[in-house]
Amino acid sequence: EIDANGILNVGAMDKTTGTQESITITADKGRPSQEEIDEMLKAAEEFAEDDKRMMETVQAKNQLESTVYRLKNQIDDEEQGLGSQISEEDKDTIIEACDDVISWLDENTDADRDDYKEKQAEF
């Protein structure tokens, strides 16, 4: 049976010997104490700003990569993309700029959000 506090009381009896045993299982086993919960919440609050900054950095990097690769693919597409609409000289200039950004991304894996945004504006 389970009582109102979530405590499970289990009883068993051996019918041949008449021996009876019971066990009580509480919901507290393996659960963190209130002190541990408060400590976890405090740590989460402390790292919230760092987490937000990291998310913004990843988003800025993804946006830069997406822009560069999308443009590069459009230049390479001679049938439907920009490849059929611009001169070879312009294609070479754009592809060179894309390759420069890709190289920069590979060399600056520890860049922060502002670095990515600056490179996006420069591109």
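Let us begin with one face of helix α2, where E88, E89, E96, D106 and E107 are exposed. Exposed means over 50% relative accessible area, buried means under 20%, and partly exposed lies in between, with a 1.4 Å probe and protein chains only. The helices themselves are DSSP runs of H or I with at least four residues, numbered from the N terminus.

Before I continue, a word on the source. This is a predicted model, in which local features need pLDDT of at least 70 and side-chain atom pairs count only at pLDDT 80 or more, while totals for chains, interfaces and linings use all residues. Residues are numbered from 1 along each chain as its sequence is written, and side-chain values use heavy atoms, with hydrogens and water left out.

Which residues of α2 are buried? They are K91, C98, V101, I102, W104 and L105. These residues lie on the same side of α2, because they cover an arc of only 160 degrees around the axis; the arc is that of the directions from the helix axis to the C-beta atoms. As a general point, an α-helix has 3.6 residues a turn, so residues three or four places apart point the same way.

What covers this buried side? The cover includes α1 (34–76) and α3 (113–122). Contact here means heavy atoms within 4.5 Å.

I turn to the first pair. Helices α1 and α2 have axes 10 Å apart and pack at an angle of about 150 degrees. Axes are lines fitted to C-alpha atoms, for helices over the stretch in contact, and angles run from 0 to 180 degrees between N-to-C directions. The two helices are therefore roughly antiparallel, a term for angles over 145 degrees, whereas angles under 35 count as roughly parallel, 65 to 115 as roughly perpendicular and the rest as oblique. The contact involves, among others, L64, V68 and L71 of α1, together with I94, C98 and W104 of α2.

The second pair is α1 and α3, whose axes are 8 Å apart at an angle of about 25 degrees. That makes α1 roughly parallel to α3. Among the residues that meet are R53, A60 and L64 in α1, and Y116, K117 and K119 in α3.

Is K119 buried or exposed? K119 counts as buried, because its relative accessibility is 13%. Leaving aside residues up to four places away in sequence, K119 touches L64, V101 and W104.
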